[in-house]
Amino acid sequence: MTALIDDKDTYLSAFARFESARAKDRPALVKLRHNAIERFAGLGFPTLEDEDWRFTPLASLTRVPFQMAPSGDGPELMYPDGVIVCDLVQAIAEHPELVEPHLARYADFEEHAFTALNTAFLQDGTFVYIPPDRVFQEPIGLNFFASAIDSPLVWHRRVLIVAGRNSQATFCETYNGPAGVAYFTNAVTEIVLDEGAILDHYKVQREGNGAFHVATIQVRMGRSSNFSSHNIAFGGKLARNDVNAYLDGEGSECTLNGLYVGGGEQLIDNHTRIDHASPHCASHELYKGILDGKSRGVFSGTIYVHQDAQKTDAKQTNQTLLLSDDAVIDTKPQLEIFADDVKCTHGATVGQLDAEAVFYLRTRGIGAEEARALLTFAFANDVVGRIKIDRLRSELEQLLFASRKVPDGTAQEAP
Amino acid sequence: MLTIFNLHARVGDKEILRGINLKINPGEVHAIMGPNGSGKSTLAGVLAGRDAYEVTEGNVLFNGKDLLDMDAEERAREGLFLAFQYPVEIPGVSNRIFLQAAVNSIRKHKGEPELDAAEFLALLRRKSKILQMSDDLLKRPVNEGFSGGEKKRNEIFQMAVLDPKLAILDETDSGLDIDALRIVSDGVNALRNKERGILVITHYQRLLNHIVPDFVHVLVSGRIVKSGGKELALELEAKGYQEFGWSDAEIAKKPQPAQA
C-alpha cells in the first residue's frame, strides 16, 4: 500500500505548489484544476486490474518522481493566416465565449486518471480556433519538443481545437524528445467539430526511447461533420493513446487510422472508442502495427452504437505484422450495439511476412533482407499512403525505410 | 550453359527427383513434359532455390558455377529466371517499384550502374510493348486482382525486363484461355535469341504448338525416360503417358537415354 501513496504523492505535492503560484487565474479555471486533482487523488493511477489497462503495466512510469517541466514551454506553432492560435489560459481570458463551452467538457476526467492529472496542471495549453465557413489548405502545426533534460520531467500538454461551422482545415501535432532519458508526456487534445466542419488530424509520436507518452484525443462531432485522424506512433518506452470520437449529430463521418511501429522492448497501446450517438453516421477504422524485437502492442477498439443510432455504418480493422518470435500483440475489438438497423463489421489479423512473397522477390534478384523490408514497408504504406500532407508522408516513408533498409526505389513511389 | 548431373531431390521423406540429367546450351529451347506427380514443379523449385527441397545427390552447373551452392537471389543475379506456375499476389508493392528494385539488384551484382526512376520507366515502356502491358498495370500491386492470364503475362513481362540467361517456365500454360496463351507465347518467342536458354515445363502439348521446342524430354517418376525433337511431343499427345508408364522397377534398370 505504501507504493500507491508514493505514486500520487509527487503529483499532489507539486499541485499544492502549483495551485498557490496560480491562485490569481480566473476562478472557473482554478476550480476546474482543483476538481481535477481531487479526482486524481481519488482514482489513483490505473492498475492491471482495470479492464482498460490490463495489458499495460504502469509501474515503471508511476514509480518515477517526475517533476513539472518549467512553465512557458509550449509547442512550436505554424498556422495559416485567419486561424486563431493562442495560449489556452490567455484564450480563456480573452475569448471566454469560444473556450468555456468546450474546455474539459469532452475529455472526461471522472474515470480517467491521466486526463484528471493533465487538467489539474493546465497551463501553457494551446487553443486553436478555425472560423466558420473558412477553408484552409495549409496545415496547422503544433510541434512539441521535450527539451534538454537533466532530471525526470513531466509535461502536461493540453490542446483545444474548435472547428467552426462548415470550416475545412488540417491539423498536425508532433511529439519529439531526446533518446536515453526518462521523461513523461501527458497529453490531452480536445477537438470539437461544429456542424458541417471538415478536419483532417495527424499525430506523429517520436518520443525518445526512455520516454513515457500517455495521450487522450477526444473528438466531438456535430451534424454532417467529417473527421479523419492518422495516429502514427514510433517512439517511447511506453506509449498509450486513447482516441475517442463521439458522433453527436446525424450524417457525420469519422475515420480513425493508425500505424504503430515497435521494436526493442517498447510497449505501444492504442485504445479507440467511437460512440455512434446519432443516426446515419459512418465510421471507419484501420489500425496497423509492426512489431519487432521483444516489443508489445495493444489494440482495443470499441464501437458503441446508441439506441437511436439507426443506419449506422461502422467498420473496424486491426492488422498486425510480427517480425520476430518475441513480439506480442493483444488485440480486442468490442462492439456494443443497441440499435437494430445497423451495419457493423470488425476484423483483426495477426501474421508474419508471406514467405512465398519473400521467395518470389528473391527469385527476381532482390536480397532476403531487402525483400522483407519491402514487404514491411508495403504493409505500413496502407496507412502512410493515405496521408494527404505530402511533406509529412515523404518524411514518414523515409523514416520507415531508414529503419528497415528498404531498397532506394521505394521512396519515390507515391500512391 | 546449364548442366544437370544425376540430380536427386526429396521433400521430407519422399524422394521425387531420382537422377535427372540434362544439358541446355545457349539459344536452345527445351521442353519437359510429364504426368502429374512426375517431379516437374520440383525440378523448377530445386533450380530456383526453394528451401522445401533437399538435394540428396548430384549437382547443377550454371555457366560453370555451382548453382546449388547459391541462394535464390544469387541465382537470379547470375541470370536464372523462374516463371511461376502460381504467381503470388503482393499487396502494397507496385509492379514498377518491385521491378526497379529487381533490375537494380541484378545490375549492381554485375557491376553495372543502377537505373534511376526515369531511365527505368523508359526501359519498362520499351518492354511493355512486347506483352501489351498497359501503364495502369504497372502501377498496380504485383499480381493483385490479376486474372490467371494476366498473372502469367506478368511473369513473361518480368522475363523481358530482367533479360535472364536461362528462363524456366513452370506450367506457364495452366489456366490460360486461347487468347492469353497466344499473347504469352508470342512474348516468349519474341525473347528467343542465340544467347538465351529456355526450359518449358508443361503437362500439355498444346503450348508447344506455339513455343516450338528444339528438344523434348519426358519426365516420369522423377527421371527423364525419353528425349527427342519436337515430334516427340506430338507422339506423346497421340499415345498418352501410358506408353511411358514403365514401373519404377523397370525405370531403375533402364539406362538414361542419351541426349538427342
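Reply: Two residues are in contact if their C-beta atoms, placed from the backbone, lie within 7 Å. This is a predicted model, in which local features need pLDDT of at least 70 and side-chain atom pairs count only at pLDDT 80 or more, while totals for chains, interfaces and linings use all residues. Residues are numbered from 1 along each chain as its sequence is written, and chains are lettered from A and ligands numbered from 1 in the order in which they are written.

Me: What covers the buried residues of H6(B)?

Reply: Helices (H or I, at least four residues) and strands (E, at least two) are DSSP runs, numbered from the N terminus, and a residue is buried if 20 or more other C-beta atoms lie within 10 Å of its own. Among the elements covering the buried residues of H6(B) are strand S6 (80-83), helix H3 (95-109), helix H4 (117-131), strand S9 (166-170) and helix H7 (178-190) of chain B. Twelve of the 15 residues of H6(B) are buried, so this helix is largely enclosed by the rest of the structure; the buried ones include Lys151(B), Phe157(B) and Leu162(B).

Me: What span should helix H6 (residues 148-162) of chain B have?

Reply: The expected span is 1.5 Å times one less than the number of residues. For the 15 residues of H6(B) this comes to 21 Å, which agrees with its end C-alpha atoms being 21 Å apart.

Me: Which residues touch the most other members of the largest nonpolar core?

Reply: A nonpolar core is a set of buried Ala, Val, Leu, Ile, Met, Phe, Trp, Tyr and Cys residues joined through C-beta atoms within 7 Å. The largest one has 186 residues, and Leu374(A), Phe81(B) and Ile168(B) touch the most other members. Helix H8 (residues 368-384) of chain A gives the most to this core, namely ten residues. Leaving aside residues up to four places away in sequence, Phe81(B) touches several residues, including Met159(B), Leu162(B) and Ile168(B).

Me: How many residues does each chain bring to the contact between chains A and B?

Reply: Chain A brings 25 residues and chain B brings 25 residues. On the side of chain A that touches chain B, the largest share, eight residues, comes from H8(A), and both helix H7 (355-362) and H8 of chain A supply at least two residues.

Me: How far apart do the C-alpha centres of domain 1 and domain 2 of chain A lie?

Reply: Domain bounds come from an automatic or database domain assignment, which gives domain 1 (2-249) and domain 2 (353-415) for chain A. Their C-alpha centres lie 33 Å apart, and the contact takes seven residues from domain 1 of chain A and six from domain 2 of chain A.
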